[in-house]
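Please look over the sequence and the model shown below. The paragraphs after it go through the packing of the side chains.

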Amino acid sequence: MSVRSLVCHMNIVLADGSTADSTKASGKPARLNLGDGSLSPAFEAQLAGLKQGDNHKFTLAPEDAFGAVNPDAIHHMDRSRFPADMTLEQGVILSFAGPGGSEIPGIVREVAGDSVTVDLNHPLAGHTVTFELEVVEEL
């Protein structure tokens, strides 16, 4: 299957109507590659046939968007594993080393005494989300 790319401005909207992310805020559209396996089949199916100038709005369940919450990606860590001067409180986003030198973001979910609960799931995992796309360019 050939790879095709769409450059899109995208709003990601949560079920409560709030915007989780928007490429318009940064002014930098996203490049979506179709056919390379980087997108879920359900997401890719929504992009099929879109061309420059098209606007498309669709909603995906968690498993077709950013995945379900994986309990194995929630870790309870000892406070001593973090720098002493680091502020650790609920909602703080930390960066962890991943495979091949990649960075994995983690969100502090709870701090109780010397125990820090860190969630390495995608921040939108477990959420039904609506995508509002505007195709800027076809590549």
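This is a predicted model: local features need pLDDT of at least 70, side-chain atom pairs count only at pLDDT 80 or more; totals for chains, interfaces and linings use all residues.

Residues are numbered from 1 along each chain as its sequence is written, and side-chain values use heavy atoms, with hydrogens and water left out.

A nonpolar core here is a set of buried Ala, Val, Leu, Ile, Met, Phe, Trp, Tyr and Cys residues joined through side-chain atoms within 4.5 Å. Buried means under 20% relative accessible area, exposed over 50%, and partly exposed in between, with a 1.4 Å probe and protein chains only. In soluble globular proteins, nonpolar side chains tend to be buried together.

The largest nonpolar core has 18 residues, and Leu-6, Leu-32, Phe-43, Leu-47, Phe-131 and Leu-133 have the most contacts inside it. Two or more residues come from each of strand 1 (4-14), strand 3 (30-34), helix 2 (41-47), strand 4 (55-60) and strand 9 (129-138). Strand 1 contributes the most, with 5 residues. Helices (H or I, at least four residues) and strands (E, at least two) are DSSP runs, numbered from the N terminus. Apart from this core lies another, of 8 residues, including Leu-94, Phe-96, Val-108 and Val-118.

Leaving aside neighbours within four places in sequence, Phe-43 is in contact (heavy atoms within 4.5 Å) with Leu-32, Phe-58, Leu-60, Asp-64 and Phe-131.

The structure holds 4 aromatic pairs. Rings of Phe, Tyr and Trp (its six-membered ring) pair if their centres lie within 6.5 Å; planes under 30 degrees apart count as stacked, over 60 as edge-to-face and the rest as tilted. The rings of Phe-43 and Phe-131 are edge-to-face, because their centres are 4.8 Å apart and their planes stand at 90°. This pair links distant parts of the chain, with Phe-43 in helix 2 and Phe-131 in strand 9, 88 residues apart. Phe-58 and Phe-131 form a stacked pair, 5.3 Å centre to centre with 25° between the planes. That pair too links distant parts of the chain: Phe-58 is in strand 4 and Phe-131 in strand 9, 73 residues apart. Both Phe-58 and Phe-131 are buried. Phe-43, Phe-58, Phe-66 and Phe-131 form one aromatic cluster.

Thr-117 lies in strand 8 (residues 115-119). Beyond neighbours within four places in sequence, Thr-117 is in contact with Ile-74, His-75, His-76, Ile-107, Val-108, Arg-109 and Glu-110.
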